[in-house]
Amino acid sequence: MKGIVLISHGDVAKGMAQASTMFFGDPIDQLTYCGLQPDDGPEEFGKRIGEAIAKVDTGEGVLVLTDLFGGTPSNQAIQHLGDGVDLIAGMNFPLLLELLGARLAGEVDVDTLLERGRSGIVDIKAALAKMMGEDDD
């Protein structure tokens, strides 16, 4: 099974990992997280990311999800890209839930994950207006 590492600024990754247990039980195998804290140096954080990847990699690879492209977590994770390690920036909860479900089915596809992450972003007011036939089109 593919390992998963969530990385973020602050405790976002921790919160997403904890919230996902409401859907997939606790503990979730081969899932861990790292949060960059204000006192962390970039190199120290990069080392923790490497340790987290090693912790969840059982030989089938690791998918790293990060909160923001171009931020320190993403930049430090880039150093760990290679055979079996992939990285997606802009993680959100729908994307994570899709990944966890797909992983159980053995069908992790990055393009599908990206589409699920995008489709999980919804303007609720506009969606409700459209459902009620109140849109301006």
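**Close-up views of a predicted model**

**View 1. Ile7 pairs with a residue of β3.** The bridge partner of Ile7 in β3 is Thr66. The model shown in this and the following views is predicted. Strands β1 and β3 run parallel and are joined by five bridges. On β4, the residue opposite Thr66 is Ala89. Thr66 therefore has a place in two of the strand pairings of this figure, with Ile7 belonging to one and Ala89 to the other, under the rule that two strands pair if at least two bridges are found between them.

**View 2. Strand β3 is joined to β4 by five bridges.** These two strands run parallel. Val64 has Leu87 of β4 as its bridge partner. Helix α4 packs on the sheet, where it touches β1, β3 and β4. The direction of α4 makes about 170° with that of β1.

**View 3. The sheet is open and has four strands.** The order of the strands is β2-β1-β3-β4, and their pairing is parallel. At the edges are β2, residues 31–36, and β4, residues 85–89; each of these pairs on one side only. From one strand to the next, the twist averages 20°.

**View 4. Strand β3 is mostly covered.** Five of its five residues are buried. Which residues of β3 are buried on one side, and which on the other? Val62, Val64 and Thr66 lie on one side, and Leu63 and Leu65 lie on the other.

**View 5. The largest nonpolar core has 16 residues.** Leu6 and Leu65 are the residues with the most contacts inside this core. Four elements each supply at least two of its residues: β1 (3–9), α1 (12–24), β3 (62–66) and α4 (93–105). The element that gives the most is α4, with four residues. There is also a second, separate core, which has 13 residues and includes Val5, Phe45, Ile49 and Ala52.

**View 6. Leu6 lies in strand β1.** Is Leu6 buried or exposed? Its relative accessible area is 0%, so Leu6 is buried. Beyond its neighbours within four places in sequence, Leu6 is in contact with Ala13, Met16, Ala17, Leu31, Thr32, Tyr33, Cys34, Leu65, Met91 and Leu96. Leu6 and Ile88 are 82 residues apart in sequence, while their C-alpha atoms are 9.8 Å apart in space.

**View 7. Leu65 and its contacts in the fold.** With neighbours within four places in sequence left aside, Leu65 is in contact with Val5, Leu6, Ile7, Ile88, Met91, Leu95, Leu96 and Leu99.

**View 8. Helices α1 and α4 cross at roughly 50°.** Two packed helices are described by the angle between their axes and the distance between the axes. The axes of α1 and α4 come within 10 Å. On the α1 side, the contact is made by Met16, Ala19, Ser20, Phe23 and Phe24. On the α4 side, Phe93, Leu96, Leu97, Leu100, Gly101 and Leu104 take part.

**View 9. Helix α4 also crosses α5, a helix of residues 110–119.** How do the axes of α4 and α5 lie? They come within 7 Å and cross at roughly 145°. This crossing is right-handed. From α4, Pro94, Leu95, Glu98 and Leu99 meet Thr112, Leu113, Arg116 and Gly117 of α5.

**View 10. The whole protein has six helices and four strands.** Starting at the N terminus, the elements run β-α-β-α-β-α-β-α-α-α. The C-alpha trace spans about 50 × 35 × 25 Å along its principal axes. Of the 137 residues, 35% count as buried. Among contacts with a separation of 6 or more, 69% come from residues 24 or more positions apart.

Conventions. Residues numbered from 1 in each chain as written. Predicted model: local features only at pLDDT ≥ 70, side-chain atom pairs only at ≥ 80, totals over all residues. Heavy atoms only, no water. Core = buried A, V, L, I, M, F, W, Y, C linked by side-chain atoms within 4.5 Å. Buried < 20%, exposed > 50% of the residue type's maximum accessible area, 1.4 Å probe, protein only. Contact = heavy atoms within 4.5 Å. Axes fitted to C-alpha atoms, helices over the stretch in contact; angles between N-to-C directions. Left-handed = near helix turned anticlockwise from the far one by under 90°.
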